[in-house]
Amino acid sequence: MTDPRPALWLPYEQMKTAPPPLQAASTQGCRIALEDGRVLVDGIASWWTAVHGYNHPHIAAAVRDQLAAMPHVMLGGLVHAPALRLAERLGAITPGDLRHVFFAESGSVAVEVAMKMALQLWRNRGIAGRERFLAFSGGYHGDTLATMSVCDPEEGMHALFAGSLARQVIAPLPRDGEDRQRFDTMIGAYAHELAGVLVEPLVQGAGGMVFHPPEVLRRVRAAADRHGLPLIADEIFTGFGRTGTMFACEQAGIVPDIMTVSKALTGGTMALSAAIARRWVFEAFWSDDPAHALMHGPTYMGNPLACAAASASLDLFEREPRLEQAAAIGLALEAGLAPCRAMAGVVDVRVLGAIGVVQLAPPVDLAAIKAALVAAGVWVRPFRDILYLTPALTISEGELDALCGAVRRVVRARG
């Protein structure tokens with residue numbers, strides 16, 4: 001008898017009851033070809049990573065060249081040109097004096113590293129009792145043990161682990177009125193226990209694609225400064241043009257003390273992430289005392305292949321009009337999704353940069369919506385009550401029209 005339990009364990013899926021996943025065969029540009037011959041327009045750039053589209057020849061050539069020269073060496077006791085070059089380039093394009101780049105493999109691990117930096121800088125200064133973080137309702141920062149603790153404890157995916165996680169301080173974003181007062185009260189009350197503040201600038205991504213204006217981010221920066229706390233900006237989703245600027249923090253005119261990046265860092269090619277620190281943070285570790293070193297080292301950190309891909313991706317941001325393309329996508333999304341505002345069962349339609357969101361009233365049959373979108377020839381993966389588009393910044397006008405049209409038809413049919 002054949003064992004029905006598959007060898008491949010899939011993410012975010014109850015595999016016993018979920019329909020079989022689609023099998024991808026190849027990619028090109030903004031399209032995914034399936035093994036059964038169908039071709040789908042990709043509306044989410046493989047979880048927001050493939051900002052230049054798939055199979056970009058410049059990135060592919062850089063990876064091939066690096067593979068022939070040196071696919072990997074450990075970064076412990078050795079360095080190599082791809083990592084050195086990428087660190088310099090990231091330091092040159094990030095805001096302010098964010099110059100010191102610690103590489104990892106995934107976004108969750110980059111946030112863990114940033115949290116570890118914040119915790120240890122207090123210890124290196126000889127200050128005890130700074131063990132907690134302030135994060136925000138509706139936030140999402142990853143699925144590893146520490147990052148789960150700074151996600152929204154009620155709206156997120158991690159309620160099952162509540163009793164096993166570190167107890168953090170979860171505050172409302174300081175928009176206006178009562179939320180602003182509650183935030184000010186909470187950060188004041190817990191400041192003496194806090195190692196840092198952790199925020200997703202402008203967009204809470206996996207927490208529901210919830211937007212907040214730049215002044216909210218400025219208030220968070222000002223509050224962290226008042227209480228002498230390092231601010232960690234999680235730009236894993238928002239970085240590299242997604243909100244219309246290279247980094248979302250730029251729109252608020254603030255410089256975080258540590259910034260995390262991943263996802264689009266390599267243009268959707270290979271796994272790579274980084275925690276990038278300001279000079280004053282790095283100087284807390286720059287010491288004659290070996291105990292003050294950051295004792296962290298992912299095996300594949302600074303992988304030469306991934307660093308080569310990331311540098312090639314940065315080349316494309318320099319050579320091609322990606323931010324202008326993001327602005328054009330925003331205008332097209334606003335026009336293409338606007339009719340959904342008048343449709344039954346729609347709570348909100350919102351657009352920021354190259355992000356378009358249709359929020360639906362419950363109940364939401366995600367399986368039916370996903371199937372209808374695939375039948376319409378597009379790959380979009382809605383979650384909770386959110387149907388969103390985050391296409392490659394290189395998407396064509398016709399492909400973007402196809403995505404918006406599919407969303408309109410599915411939403412209209414649902415209503």
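**A close look at the inside**

A: Let's begin at Leu-202, which sits in the loop between strand E7 (194-199) and strand E8 (203-204). Helices (H or I, at least four residues) and strands (E, at least two) are DSSP runs, numbered from the N terminus. Bear in mind that this is a predicted model: local features need pLDDT of at least 70 and side-chain atom pairs count only at pLDDT 80 or more, while totals for chains, interfaces and linings use all residues. Residues are numbered from 1 along each chain as its sequence is written, and side-chain values use heavy atoms, with hydrogens and water left out.

Back to Leu-202: its phi is near 75°, a positive value in a residue other than glycine. Most residues other than glycine have a negative phi, and most peptide bonds are trans. Leu-202 counts as buried because its relative accessibility is 1%; buried means under 20% relative accessible area, exposed over 50%, and partly exposed in between (1.4 Å probe, protein chains only).

Asn-55 also has a positive phi without being glycine, near 60°. You'll find Asn-55 in the loop between helix H1 (45-48) and helix H2 (57-69). At 42% relative accessibility, Asn-55 is partly exposed. As for peptide bonds, the one from Pro-362 to Pro-363 is cis, with omega near 0°. Pro-363 belongs to the loop between strand E14 (355-360) and helix H12 (366-375).

Now for the core. Nonpolar side chains tend to be buried together in soluble globular proteins. Here a nonpolar core is a set of buried Ala, Val, Leu, Ile, Met, Phe, Trp, Tyr and Cys residues joined through side-chain atoms within 4.5 Å. The largest one has 112 residues, and the members that touch the most others are Phe-103, Met-209, Phe-240 and Val-358. Helix H4 (residues 107-124) gives this core its largest share, eight residues. Both domain 1 (57-319) and domain 2 (321-413) contribute residues to the core, so it lies between them.

What does Phe-240 contact, leaving aside its neighbours within four places in sequence? The partners include Val-51, Leu-90, Met-246, Phe-247, Val-261, Leu-314, Phe-317 and Leu-393, where contact means heavy atoms within 4.5 Å.

The C-alpha centres of domain 1 and domain 2 are 28 Å apart. Their contact takes 21 residues from domain 1 and 18 residues from domain 2.

Ala-312 lies in helix H10 (residues 304-319) and is buried at 2% relative accessibility. Although Ala-312 and Ala-61 are 251 residues apart in sequence, their C-alpha atoms are 8.9 Å apart in space. With neighbours within four places in sequence set aside, Ala-312 contacts His-58, Ile-59 and Ala-62. Ile-395 is in the loop between strand E16 (386-389) and helix H13 (397-414), and its relative accessible area of 11% makes it buried. Setting aside neighbours within four places in sequence, Ile-395 touches Cys-30, Val-41, Ile-329, Leu-400 and Leu-403.

How about the cysteines? A search of the whole structure turns up zero disulfides, a disulfide being a pair of cysteine sulfur atoms within 2.5 Å. Cys-340 is in no disulfide, and the nearest cysteine sulfur, that of Cys-404, is 8.3 Å away. Cys-340 is buried at 0% relative accessibility, and Cys-404 is buried with a relative accessible area of 3%.

Finally, some open space: the second largest pocket holds about 720 Å³. On a 1 Å grid over the protein atoms alone, a pocket is an open set of points where a 1.4 Å probe fits, with protein on both sides within 12 Å along at least five of seven lines, and lining residues have an atom within 4 Å of a point. Grid points are joined across faces, edges and corners, and the volume is the space filled by probe spheres set on the points. This pocket is lined by 27 residues, with His-100, Val-101, Phe-102, Phe-282 and Met-301 nearest its centre. Helix H3 (81-93), strand E4 (98-104) and helix H9 (279-283) each supply at least two lining residues, and H3 gives the most, with six.

Note on methods. Domains from an automatic or database assignment.
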